[in-house]
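I opened the notebook on a model with ligands. I wanted to look up the ligand surroundings and the metal site.

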Amino acid sequence: MNTKRKIYIFDTTLRDGEQCPGASMTPEEKVQVAKQLERLSVDIIEAGFPASSPGEVQAIQRISKNVKKPILCGLARMVKPDIDAAREALRYAKRKRIHVFLATSQIHREYKLKKGKAELIEIAKKNITYARKFFSDIEFSPEDASRTEPEYLVEIVKAAIDAGATAVNIPDTVGYAIPHEFGELIQYLVKEIPVLGKTVTLSVHCHNDLGLAVSNSLAAIANGANQVECTINGIGERAGNASMEEIVMALHTRQDTFNAYTDITLKEIIKASRLISHITGMNVQPNKAIVGKNAFRHEAGIHQDGILKKRQTYEIMDPKTIGLSGTQLVMGKHSGRHAFRERLKKLGFDLTDEQLAKAFKRFKNLADKKKNVFDEDLEAIVEDEIIRIPVTWQLVSMGIHVETGKPVKATIGIKKQNKVFKAVSSGDGPVDACYKAIESITKQKMKLIDYSIQSVTWGKDALGEVNIKVSSKNEEISARGTSTDIIEASVKAYLKALNKIVVRTKKKDTKKQCVL
Ligand code: KIV
Ligand code: ZN
């Protein structure tokens, strides 16, 4: 029997998340996000704030037609038109919830609402009673709960439950709470209203103004909350909301202390994070827990050595769990010989001790000059300095012809053993045209799978570096070309890849002959 408590994941990326500056989404994008949230298996999607605009109502209707598994929720103030807008927005939803909120703290009562305690209780009762006509699932949030007098909080929450609320959400609206304090508040509410966390869902909604949103959410779970409101990548008003991936992975990794689980499909986490980042244009900071690009990267030599001996020495989570391909050992100036040898092995180079020592010295020199040492750099060290890739094909001449409305044409001259070959080809842009011309000469088929340009020096005459990855007969080859002309750099990289293939093919042929 599973004695663990289920924690419901209420995702508000499409409501509170979308509220953060610069994160507004088109209806199509909202549908795309909602579908990914469904793949993540979130329990509830807060799809928006219907009263905010007619477009929002339509967007939620579109989500309702595309997403069936999770409960869809719409936010409403405690006024009839908002409840009606939520009703309209959710009319096609298979499973639906309305989320009504009303501020309860003294500062909000006095300055924002200009209403007294008793009057607010009456407003809550009246509107929940009205919402009940259309919804059987009603969530009530006393806004700014963490700054509300706890006794008054109990009073208004009890009134809301009596009126028909099926879930109560305790928001730390301004991110003011401190974990032990917030945990105590939740404990107090459970003691005073024992149905909370049992027949009535007890939710928390924490903001990150002090960077404590996740800690506060976890403190609440430890004290009886059974739902958390959160967003992908922690986006949301101001400093954001509690980040879903952090809460979910904390519960997963520390089951020993929480004795709780979520139904989240962990493998979908990284896709969800990237989708949100792509749609909102908000980059995830590299050191962000779980989904930051450095979260599973190791550079220190001691750590890399430990990881290679046993991953768990320096990793508490397996990156594959969240949908990443694996741990990354970043090659840089802090890397040690062990990691260097292993990485070279992965790239297909098995060097003698002497060759390894030479290559490692070159690598350390390079790492002092360059922040990131990529696979291509390592290949270049080994192939240029140790193995020395012979130049079979070499660039002799190139010309690009551009005419408006016509495909770009490239004329390429390359030589092999002093014989020059020329070809003209057109393509989708100058690089494509050049690559096609080369292919027509060499008859060597290569599929371009990665292409990137970066400038290696500054100014108008900056040196451009083109890195490519091609595949040929199930093998991947990376190569690099540099020039002040990026088309020429691209051609040089392509010819380098070609020359590597020639070497590899020769090696294989020799092996075959030996076997025969
Ligand atoms: O932060 C907040 O208080 C909210 C409520 C609407 C739940 O977003
Ligand atoms: Zn909020």
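My entries on the two sites follow.

**Ground rules.** I worked on a predicted model, where local features need pLDDT of at least 70, side-chain atom pairs count only at pLDDT 80 or more, and totals for chains, interfaces and linings use all residues. Residues are numbered from 1 along each chain as its sequence is written, chains are lettered from A and ligands numbered from 1 in the order written, and side-chain values use heavy atoms, without hydrogens and water.

**Ligand 1, shell.** I looked up which residues surround ligand 1 (a heavy atom within 4 Å). Among them are L75, H99, F101, S141, E143, N169 and P171. I then checked the secondary structure (DSSP runs; helices H or I of at least four residues, strands E of at least two). α1 (13-17), β5 (96-103), β6 (138-143) and β7 (167-172) each give at least two shell residues.

**Ligand 1, polar contacts.** I used pairs of N or O atoms within 3.5 Å. The side chain of T173 comes to 2.7 Å from a ligand 1 oxygen. For R15 I read 2.9 Å, and for H207 3.0 Å.

**Zinc ion (ligand 2).** Which protein atoms are its donors (N, O or S within 2.8 Å)? I found D16 (OD), H205 (NE2) and H207 (NE2), at 1.9 to 2.1 Å. Their spacing reads D-x188-H-x1-H. D16 in helix α1 and H207 in the loop between β8 (201-206) and α9 (213-222) are 191 residues apart. Water is not among the atoms, so the site may look incomplete.

Notes
Polar contact = N/O pair within 3.5 Å; in protein donor to acceptor, adjacent residues only side chain to side chain. Donors = N, O, S within 2.8 Å, 3.2 Å for Na, K, Ca; no water.
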